[in-house]
Amino acid sequence: MDGRGADAFNRLAGEMKRAAATPPAVTLAAAVNDARNSVTKAWQDNARATSGAHGKHYPNSITSEVRATATGLVVEIGPDTSRPQGSMGRGFEFGSMNQPPHLDGARAVADNEARIEQVIDQAMGRVIP
């Protein structure tokens, strides 16, 4: 093995050691949480910009959580029905006969799509160097 091969091997060994120091589930959960927080904040910000006086409680009804399942992590983001103006019915997001759709959540996901992919890709790079 020449010097370059040994250097590459040593770099790989160092990366694997660093990756092993943090369990993959912790690394991936942190990435999912980062993405969840970005989309939640964007949805709340969008809702503040579009809901007006008639929807003053709507932005604060948007919550999120991450749950572990047998097959992975599930992220739920949206209006909490236990909070004021947190209806999952047509309401603000999808509109009603009284107002057009706001699509605040749909825009939040679309605006964060590249960031979500980047965060997950970086986490996978740490899990599988």
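Leu-103 is partly exposed, because its relative accessible area is 37%, and buried would require a value under 20% while exposed would require one over 50%. Leu-103 sits in the loop between H4 and helix H5 (104-127). Its phi is near 55°, a positive value in a residue other than glycine. The model that contains this residue is predicted.

**Overall layout**
- The protein has five helices and two strands.
- Read from the N terminus, the order of elements is α-α-α-β-β-α-α.
- The protein has 129 residues, and 26% of them count as buried.
- Of the contacts between residues at least 6 apart in sequence, 54% join residues at least 24 apart.

**Confidence**
- The average pLDDT of the protein is 82, and 81% of the residues score at least 70.
- Helix H1 (residues 3-21) has the lowest confidence, with a mean of 63, while H3 has the highest, at 91.
- Where pLDDT is low, the predicted coordinates should not be read in detail.

**Nonpolar core**
- The largest nonpolar core holds eight residues: Val-39, Ala-42, Trp-43, Ala-47, Tyr-58, Ile-62, Phe-92 and Ala-108.
- Helix H2 (residues 24-50) gives the largest share of this core, with four residues.
- Ala-47, one of the core residues, is in contact with Tyr-58, Pro-59, Ile-62 and Asp-104, leaving aside its neighbours within four places in sequence.

**The aromatic pair**
- The protein has one aromatic pair.
- This pair is stacked, because the rings of Tyr-58 and Phe-92 have their centres 4.5 Å apart and their planes at 20°, and planes under 30 degrees apart count as stacked.
- Tyr-58 belongs to helix H3 and Phe-92 to helix H4 (residues 91-94), so the pair ties together parts that are 34 residues apart in sequence.
- Tyr-58 is buried, since its relative accessible area is 1%.
- Phe-92 is also buried, at 10% relative accessible area.

**Ser-61 in helix H3**
- Ser-61 lies in helix H3, which covers residues 58-61.
- Ser-61 counts as buried because its relative accessibility is 0%.
- A polar atom of the Ser-61 side chain is 2.7 Å from the backbone oxygen of Tyr-58.
- Leaving aside neighbours within four places in sequence, Ser-61 is in contact with Gly-78, Pro-79, Asp-80, Arg-83, Pro-84, Gln-85 and Gly-86.

**Gly-91 in helix H4**
- Gly-91 has its place in helix H4.
- Is Gly-91 buried, partly exposed or exposed? With a relative accessible area of 23%, Gly-91 is partly exposed.
- Gly-91 and Tyr-58 are 33 residues apart along the chain, and their C-alpha atoms are separated by 9.8 Å.
- Not counting residues up to four places away in sequence, Gly-91 touches Ser-96 and Gln-99.

Key: Residues numbered from 1 in each chain as written. Predicted model: local features only at pLDDT ≥ 70, side-chain atom pairs only at ≥ 80, totals over all residues. Heavy atoms only, no water. Buried < 20%, exposed > 50% of the residue type's maximum accessible area, 1.4 Å probe, protein only. Polar contact = N/O pair within 3.5 Å; in protein donor to acceptor, adjacent residues only side chain to side chain. Contact = heavy atoms within 4.5 Å. Phe/Tyr/Trp six-rings, centres within 6.5 Å; stacked < 30°, edge-to-face > 60°. pLDDT = per-residue confidence, 0-100. Core = buried A, V, L, I, M, F, W, Y, C linked by side-chain atoms within 4.5 Å.
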